[in-house]
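Here is a short note to read alongside the model.

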Amino acid sequence: NQGLNGFVKPKKDYPLYVYADDFDKNGIADPVLGQYFENEEGENILFPIHTRDDIKNQFPESPINFFSYEEYTHLDFKKLLGIKDLESETLKATIFSSSYIENLGNGKFKLVALPKTCQVSPINDILIDDFDQDGLLDALFVGNDFSAESNYGRFDALTGLFLKRNKTGFDVIPSRKSGFYVPFQSNHITGALDNKGKKLILSTQNNEKIRVFNLEK
């Protein structure tokens with residue numbers, strides 16, 4: 001559910017890797033990311049995403065001190081960290097698109113990417129209900145991530161989405177039409193009842209006020 005509107009974009013044949021070991025032996029795992037980039041010869045090479053300064057700050061005693069900035073631009077991910085086996089020393093991801101899994105029956109499932117409008121920012125929580133009371137289950141999405149590294153900017157393009165279920169898929173209803181507006185980073189959304197039994201929707205926002213919505217026909 002990371003979405004596709006970001007600097008890091010893994011592909012099926014070219015995964016994103018994260019180093020999953022204690023490189024500097026201080027008892028803490030060191031998350032260093034590697035992504036494939038095309039070099040001048042048109043080859044896809046696995047390079048570290050982080051800058052030389054980022055690596056030096058993370059590992060002051062690492063061999064990175066022996067590489068100039070120019071040399072670092074050609075230093076591949078495996079050589080930087082001394083990785084011998086990517087599969088055992090890293091974790092990988094090939095899909096960042098926000099998706100759902102469709103049950104096709106007979107033990108078969110299909111991964112389906114949500115509409116492009118849902119890919120603009122990370123989705124952190126989903127509330128499922130028949131919000132428009134048409135007999136079909138709909139979905140409300142909240143998300144964003146304001147804690148991303150400053151090099152790449154924060155993820156703030158999601159203002160809350162209403163996905164209205166139809167007989168063949170979903171209709172994406174933007175905030176300006178649905179009235180469901182959650183502009184900051186939101187990690188939780190839930191339903192509730194007021195003291196008169198009326199349905200409410202509550203969505204938290206990091207360091208901001210909780211958003212509360214009434215359901216109207």
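**Notes on the model**

1. Start at Ala20. Setting aside neighbours within four places in sequence, Ala20 is in contact with Glu89, Thr90 and Leu91; contact means heavy atoms within 4.5 Å. Ala20 sits in the loop between β1 and β2 (33–38). Helices (H or I, at least four residues) and strands (E, at least two) are DSSP runs, numbered from the N terminus. At 43% relative accessibility, Ala20 is partly exposed. The cut-offs are: buried under 20% relative accessible area, exposed over 50%, partly exposed in between (1.4 Å probe, protein chains only). The C-alpha atoms of Ala20 and Leu81 are separated by 11 Å, with the two residues 61 apart along the chain.

2. On provenance: this is a predicted model, where local features need pLDDT of at least 70, side-chain atom pairs count only at pLDDT 80 or more, and totals for chains, interfaces and linings use all residues. Residues are numbered from 1 along each chain as its sequence is written, and side-chain values use heavy atoms, with hydrogens and water left out.

3. Now the largest nonpolar core. It has 15 residues, and Tyr19, Val32, Ile55, Phe77, Leu80 and Leu81 touch the most other members. Such a core is a set of buried Ala, Val, Leu, Ile, Met, Phe, Trp, Tyr and Cys residues joined through side-chain atoms within 4.5 Å. β1 (16–19) and α3 (77–81) each supply at least two residues of this core. α3 gives the most, with 3 residues.

4. Look at Tyr19 in detail. Leaving out neighbours within four places in sequence, its contacts are Asp30, Pro31, Val32, Phe77, Leu81, Ile83, Glu89 and Thr90.

5. A second, separate core has 10 residues. Leu140, Phe162, Ile189 and Phe213 are among them.

6. A nonpolar surface patch is formed by Ile95, Ile101, Phe109 and Leu111, with about 440 Å² of accessible area together. Areas come from the Shrake-Rupley method with a 1.4 Å probe; for residues, only the protein chains shown count as cover. Nonpolar side chains (Val, Leu, Ile, Met, Phe, Trp, Tyr) are joined within 5 Å, like charges within 9 Å. Ile95 lies in the loop between β4 (90–93) and β5 (99–105). Its relative accessible area is 48%, so Ile95 is partly exposed.

7. Check the backbone at Asn106. This residue is not a glycine, yet has a positive phi of about 55°. Asn106 lies in the loop between β5 and β6 (108–113) and is exposed at 81% relative accessibility.

How values were computed:
Patch = residues over 30% accessible without salt bridge, like charges linked within 9 Å, V, L, I, M, F, W, Y side chains within 5 Å. Salt bridge = Lys/Arg side-chain N within 4 Å of Asp/Glu carboxyl O.
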